[in-house]
Each structure stands twice: as structure tokens, then as C-alpha cells.
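Open the model in your viewer and keep the selection panel at hand. This tour goes stop by stop, with something to select at each.

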Amino acid sequence: MSIQDQQEEKNKAADWLQSVRWNSATDSLDLLDQRQLPDEIVYLELTTSEQVWDAIKQLAVRGAPAIGIAAAYGVYLGARDTSGSLELLLAETVKQCDYLATSRPTAVNLFWALERMKQRATELASAGGEPEAMKQSLLDEAKLIQSEDEETCRLIGVHALDLFEDGMGVLTHCNAGGLATARYGTALAPMYLAQERGIHLKVFADETRPVLQGARLTAFELQQAGVDVTLICDNMAGVVMSKGWVQAVIVGTDRVAANGDVANKIGTYSVAVLAKAHGIPFYVACPMSTIDLNTANGADIPIEERHEDEITQGFGKRTAPKGVKVFNPAFDITPNEYVTAIITEKGVIRAPYHENLKKLFE
Ligand SMILES: CSC[C@@H](O)[C@@H](O)C(=O)COP(=O)(O)O
């Protein structure tokens, strides 16, 4: 059975909540609408690349690896109705990749996945053959991106768990869990593996203002899995650290620059500073596809700014005066000196990041 078929079998049999699911019966992308969690489990049935673009923009699917996977399927959806030659199909595929790349700017996994789809399309077109076969191969590539991510996340979990001990308190920010990836997550992968192995970790989940990925998603998925999780407001991280309840912080990331600066959900930088002040290690977990050696440092990472309503009337209730000035960056940069280690599928990387990140790709 090919890896793509295995992915589809897994999808059918999944006993965990999948953020992204290819539905071969309807030839559609079934996306878990994360905006509706934890209240409702609703899958959107997407059949066009415009719908995928919108789902990424509106955070129906979010988290760097999951965005990349969804976009890869979006390329297929956008290109599949093209009729005519291989050249036309290639041109349409490239157009779809460029279009989907405009949905969100920070997570480099989006651009990584789209580049991979473009390269695959170029290879297929130059190899010749039937356009229909090329379309199928594009779909297979998207499935491959998804199944590889599952394995990658599991490996990240294995390496990260080596840094933790039974009974430790671990704080996390935002959601870098199964919902943000194909499965397991990055920062949450060691928590799932710890549970499989009977190791007890006590997780503190920051609620993560303004759109509460920590409360709605991290607390939800860990609770569903039976992991010991305590939800705190973002401004409580200092107090739980000062009480000695946290022995490690672990977060995901949307992009790691060549010098080890890390972009992640707004508020991550504050957590890193607090961790340093309390002598607590601050770990960043990510697949290698999140490391961007073409971006020299954090200042060069584009930071998405989102609508002011997320702050002034998030979830439909007005909580700030109309017309007040608002600043709403979705991400911040944690400078590399705050990062104790970066955990990838290939192992644990420590400073000097400039050299060690580069070595990772050699
Ligand atoms: C494994 S997901 C890593 C990051 O993408 C995650 O921590 C994060 O910041 C997500 O932000 P979001 O705006 O919800 O897409």
C-alpha cells in the first residue's frame, strides 16, 4: 500500500481529532473548523482553493504545519478543473501556489509546502504524461506532506521527551498540538508520548489572548486525551513560575530565522523573558520545514497584524470602547538568547544557532 493510501486508511480509522482530512468519496478537503472549538466539532467540506484560502485567513485551520498541509490540498483543488495540456496545468498550479501564499504571511511552512507543490508540478510536467495523472500526483503529494508531518511530529516528541522527567511542570503558550499539525503537534508531542509511556507531566496552558488558542484548543485537546492540564490566563505565567510549579517551557513556532530568533504566537516573548528570570529552560519545538535559513534574523520575519475586532469584540462581546486605537500583531519574536534549545525531528539543537541550524541541513 502506498504511503498516500496508508494516509487515507489512517484518516478513516482515526481515533484522534484530525484538523485536516482528505475525503476521497467527495473529492473534498474536510477541515475541522477550529473557530468553533471547544463547543462544536464541525468539519467544513472545501472544494475550491478560494475556500481553502479563506479557511486559512479566518483561522478555521491554523498552526504552521496544518496551514501548509491545507494549502497543499488547496493547490490540487485549484488546479484539478484545468483542461488542456500539461503546460497549462503547470501554469495553473503555479498560479494557485502564488495565490494561496497570500493567505497569511508569518508561518514559513505555508511557503515551504507551496514551494514543494510547485517543484513537484514542474518535475511532473517535464516528465510528460497525461494531465489527469499529473493531477492525481499533485493530490498524492499533498497526502505525502500530511503523512510525513505525522511522523515528523512523533520524532520531535521523542527528542523533546528526553528533556523532561516524570512529575515535571511544563508550561506552553498558544496551540502547537495535534490540531496545529497532522497529529501529535510539536510542543505537545512530548506530552502525548509521556502519556503513552506512563510518565506524568503537569501541563500549564496559557489561554493565549486574543483568540484563545490555548484555552479553546490546547486545554481542549489535552483534556480529551486525559493529559493533566491546568488552564491559566496569560498574565498568570509569572506567578506559577514563581511558585516553582514550572520546570520547563515548550512552545511551537511559525518561523525560526537563521540566527535562531523565533517567531511564535503573540505573548511567547513575554513567556521567554519570564522563564529566563526564573532560570527555567525555554524550548522551541518545530519541524525542519519551520526553519528558514533565508531569513537572517527575527527582524526580517513578516509579522501578521490582524483585525482590531479580535481585541475589542472577540467572540461577539464588545469589551473596549468603540474607536479606541488598537495594536494587534498575531506573532512576536523571541530573540535567540532566550532559547535554551530547538527540538526538531533530527534532534536537539543548541547555541550557537547560526552554525548549528545550518549544520542541520548539511
Ligand atoms: C505547531 S504550530 C506552531 C505555531 O504555528 C503556533 O504556536 C502558533 O503560533 C499558531 O498561531 P495561529 O495564529 O493560531 O496560526
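Which side chains meet in a salt bridge of 3.5 Å, N to O? Select arginine 183 and glutamate 150: their side chains form that salt bridge. The term stands for a side-chain nitrogen of Lys or Arg within 4 Å of a carboxyl oxygen of Asp or Glu.

Two notes before going on. Residues are numbered from 1 along each chain as its sequence is written, and side-chain values use heavy atoms, with hydrogens and water left out. This is a predicted model, where local features need pLDDT of at least 70 and side-chain atom pairs count only at pLDDT 80 or more, while totals for chains, interfaces and linings use all residues.

**Stop 1: the two domains**

Color 3-154 and 164-360 separately. These are domain 1 and domain 2 of the protein chain; the bounds come from an automatic or database domain assignment. Their centres, taken over C-alpha atoms, are 25 Å apart.

Now show the interface. On the domain 1 side, 33 residues are in contact with 36 residues of domain 2, where contact means heavy atoms within 4.5 Å. The area buried between the domains is about 2900 Å², and carbon and sulfur atoms give 56% of it. Buried area is the accessible area (1.4 Å probe) that two parts lose on being put together, summed over both. Select Arg62, Thr106 and Arg154: in domain 1 they lose the most area to domain 2, together 23% of what that side buries. Three salt bridges cross this interface by the rule.

**Stop 2: the largest cavity**

Next, the empty space. Rolling a probe the size of a water molecule over the atoms shows where such space is left. The search uses a 1 Å grid over the protein atoms alone: a cavity is a set of points where a 1.4 Å probe fits but cannot get out, a pocket is an open set with protein on both sides within 12 Å along at least five of seven lines, and lining residues have an atom within 4 Å of a point. Grid points are joined across faces, edges and corners, and a volume is the space filled by probe spheres set on the points.

How many cavities of 30 Å³ or more does a search of the whole structure find? It finds two. The largest cavity holds about 200 Å³ of space. Select Arg62, Gly63, Ala64, Asn175 and Asp254, which lie nearest its centre among 24 lining residues. Two elements give two or more residues to this lining: α3 (64-79) and β9 (262-265). Helices (H or I, at least four residues) and strands (E, at least two) are DSSP runs, numbered from the N terminus. The α3 share, three residues, is the largest.

Why does the largest cavity lie between the domains? Domain 1 and domain 2 both give residues to its lining, so it lies between them.

**Stop 3: the second largest cavity and its surroundings**

Select Leu59, Arg209, Pro210, Val211, Gln213, Lys265, Ile266, Arg306, Glu310, Asn328 and Ala330. They line the second largest cavity, with about 50 Å³ of space.

Zoom in on two of these residues. Most residues other than glycine have a negative phi, and most peptide bonds are trans. Leucine 59 has a positive phi, near 70°, and sits in the loop between α2 (49-57) and α3. The peptide bond from arginine 209 to proline 210 is cis, with omega near 0°. Proline 210 is in the loop between β5 (202-206) and α8.

Another cis bond runs from leucine 37 to proline 38, with omega near 5°. Look for proline 38 in the loop between β2 (28-32) and β3 (43-46).

**Stop 4: the pockets**

Select Asp15, Trp16, Leu17, Tyr192 and Ala225. They lie nearest the centre of the largest pocket, which is lined by 14 residues. Its volume is about 370 Å³. Helices α7 (189-196) and α8 (213-224) each give two or more residues to the lining. Each domain supplies at least three lining residues.

Last, select Arg35, Gln58, Leu59, Val211, Arg216, Arg306, His307, Asp309, Glu310, Gln313, Gly314 and Phe315. These line the second largest pocket, with about 310 Å³ of space. Here too, domain 1 and domain 2 each give at least three residues.
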